[in-house]
Amino acid sequence: MGTIGYIFLCILGGLGLCLLAAVIRTWMMPRKQTSYSLSEDQDRMEVYGEKLSRMVQMETVSSRNDADIEKFLNFHQLLEQLFPTVFSSCEKIEIEGSLLLKWKGRSEKEPILLMSHMDVVEANGDWKYHPFSGTIADGKVWGRGSADTKCSLMAFLQAAEELMGEGYVPECDVYFASSCTEEIGGNGAPSLANWLKEHGVHLFMLCDEGGSIVQNPIGGVEGHFAAVGIFEKGYGDVRFVARSNGGHASAPGKNTPIPRLAKFVARVEKKSPFRVQLTPAVRTMFERLAPYAKPFALRLVTGNLWLFGPVLTRAMPMISAQGAAMLQTTIAFTMQSGSAGFNVLPQTASVCANLRFIPHQSTDESIEVLTKLAEKYGLETQVIYRGYPSKSLDLNGEPFLITQESIKACFPGVEVLPYVVTGGTDARFYDEVCDNCIRFSPVNYGPEQLAGMHGLNENIEIGCLPGAVDYYKTVIKAQEKRKA
């Protein structure tokens, strides 16, 4: 046998040993199950459900075409009625309808911020209950904003109301923020963050929406998991333009604008131009999922990423679109335009795309990759908006560990997963005043709740509200241990 053959056999033998080791390791891996149950404290559920119902009843739809803030100021008045101790004890800052409250603690050093937006999206279509009725039925509060995100706004204000009622004084200053423009990407959160910056406030940590307690996060994994967003992807809008001299449709030439755009879109859809990578955070997420996976093959792959990482990155689009989006920059084609007539070749045609940028191939590089590819099809690239990924949490840092410990204290049977937020939150505007942004709402979002957000019949289970209130209390009190 020659040298090359010997080397080949050694490689095969090594791969066989690695595979055998992975199989044995997976076989010996302890199987785990999560456990989660809604509260049965009827008194608390009734109080919290009624408060949330009243918050839902007040319509707070935000619109780019309507700058009137009167509805949001009225909502502030409602909050004062529902949480009187909070508003009588805190300094109140109102900026064009958005709200910031300061609860003075024993120290001004390393304050924390709890935040959740008050505005909601429109509520069109045929609903089971009127979208602004706040109906309480079937163990749920129904209506626009019940899940996104007046539930968490209610929960942390209620947590503060109860702690203040007990005479509790926090170890550090605690801020509460609620913008009225989150759903339209407006100036609410930037204005609140700028107020903090101007007053020299640098936060130890903040808690916003982004992740939640979710069920069955990927195919083959069942149970309840607390998905904690550790960063959010950058946001971008891009237009690709094809030009020509136009002409009559009865004698079309080759490579007119629309076919060129179509070829470009087909190329991007067939083979993504963006780099796939398993980041340490995403790797941790899948490793924590492994003991809960039912199929042995899925446990084998997720539990041995040292060997099967490349397999997982290729298979993830077939397992979970959400999971695949955590591995790379994504592009979604959303709008297109061309000729105004059936029989007219366009002089100009375009297709627009929305991008979400991943840190390992961030905004500028991703746009450059697309621009070069578009040039091959004779297309111009127009960048309408470019945003950058937020700073990532350190999984070994104190803020993440506080979050993890608080979740385990309040939801003891739930596994904690680091999670990449593929959408957008108000937290992205606070990077200058906070190095540790936690994106987690301590409420249960099952398939019904996820489908209802921005859709029909939005609702939240009343039984998850006591746990949410307890979670925020735990996070506030956790600052005592840090100072001890």
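Trainee: At 1% relative accessibility, does C464 count as buried or exposed?
Mentor: This is a predicted model, in which local features need pLDDT of at least 70 and side-chain atom pairs count only at pLDDT 80 or more, while totals for chains, interfaces and linings use all residues. Residues are numbered from 1 along each chain as its sequence is written, and side-chain values use heavy atoms, without hydrogens and water. Buried means under 20% relative accessible area, exposed over 50% and partly exposed in between (1.4 Å probe, protein chains only). With its 1% relative accessibility, C464 therefore counts as buried.

Trainee: How many disulfides does a search of the whole structure find?
Mentor: The search looks for a pair of cysteine sulfur atoms within 2.5 Å. Across the whole structure, the number of disulfides found is zero.

Trainee: Which cysteine has the sulfur nearest to C464?
Mentor: C464 is in no disulfide. Its nearest cysteine sulfur is 6.6 Å away and belongs to C151.

Trainee: And where is the nearest cysteine sulfur for C410?
Mentor: C410 is in no disulfide either. The nearest cysteine sulfur lies 12 Å away, in C207.

Trainee: How many residues of helix 5 are buried?
Mentor: Helices (H or I, at least four residues) are DSSP runs, numbered from the N terminus. Helix 5 is largely enclosed by the rest of the structure, because its 16 residues include a buried set of 14.

Trainee: How far apart are the end C-alpha atoms of helix 5?
Mentor: The expected span is 1.5 Å times one less than the number of residues. For the 16 residues of helix 5 (residues 150-165), that should give 22 Å. The end C-alpha atoms agree, being apart by 22 Å.

How values were computed:
Helices (H or I, at least four residues) and strands (E, at least two) are DSSP runs, numbered from the N terminus.
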